[in-house]
Amino acid sequence: LVPLFTRAAMSRYHSDMVNTVRELIDGWNTKSRVRAWISVPADANRLTLEIISRVAMGHSFNNLSNPR
C-alpha cells in the first residue's frame, strides 16, 4: 500500500478525488434548492466507494450529482 501514498502517486489521482467530491456537493446543492432530505451517512458511503472505484479501478459506478 505504501507506493499508493507517495507524493507522485497521490498527485496522479488527486484530481479524480476532487472531482468526485465536487459531484457529491453539486448533488447536495441541487437537493438543498428543493429542500430535499440529504442522507449524509449514505452519501458518505457512496462517495467512498466511488472514489475507490475511480482511483483504483478506473471505473465509475455513477455520477454522484444524480439523485438515487
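**View 1. Three salt bridges turn up in a search of the whole structure.** A salt bridge here is a side-chain nitrogen of Lys or Arg within 4 Å of a carboxyl oxygen of Asp or Glu. The model is predicted: local features need pLDDT of at least 70, side-chain atom pairs count only at pLDDT 80 or more, and totals for chains, interfaces and linings use all residues. Residues are numbered from 1 along each chain as its sequence is written, and side-chain values use heavy atoms, with hydrogens and water left out. E23, E50 and R54 are linked in a network of salt bridges.

**View 2. E23 pairs with R54 across two helices.** The closest N and O atoms of E23 and R54 are 2.8 Å apart. Helices are DSSP runs (H or I, at least four residues), numbered from the N terminus. E23 counts as buried, at 18% relative accessibility. R54 is buried too, with a relative accessible area of 16%. Buried means under 20% relative accessible area (1.4 Å probe, protein chains only).

**View 3. R54 also forms a salt bridge with E50.** Their closest N and O atoms are 2.7 Å apart. Both residues lie in helix α2. They are four residues apart, about one turn of the helix. R54 and E50 are both buried.

**View 4. D43 forms a salt bridge with R46.** Here the closest N and O atoms are 3.3 Å apart. D43 and R46 are three residues apart in helix α2, so about one helical turn separates them. D43 is buried, and so is R46.

**View 5. Helices α1 and α2 cross at roughly 150°.** Helix α1 spans residues 7-33 and helix α2 residues 40-57. Their axes come within 10 Å. Axes are lines fitted to C-alpha atoms, for helices over the stretch in contact; angles run from 0 to 180 degrees between N-to-C directions. The two helices are therefore roughly antiparallel to each other, a term for angles over 145 degrees.

**View 6. Residues of α1 meet residues of α2.** On the α1 side are Y13, D16, M17, T20, V21, E23, L24, W28 and K31. On the α2 side are D43, L47, E50, I51, R54 and V55. Contact means heavy atoms within 4.5 Å. The residues of this contact divide into eight nonpolar, one polar and six charged. Nonpolar covers Ala, Val, Leu, Ile, Met, Phe, Trp, Tyr, Cys and Pro; charged covers Asp, Glu, Lys and Arg; the others, Gly among them, are polar.

Technical notes:
Angles under 35 degrees count as roughly parallel, over 145 as roughly antiparallel, 65 to 115 as roughly perpendicular and the rest as oblique. Buried means under 20% relative accessible area, exposed over 50%, partly exposed in between (1.4 Å probe, protein chains only).
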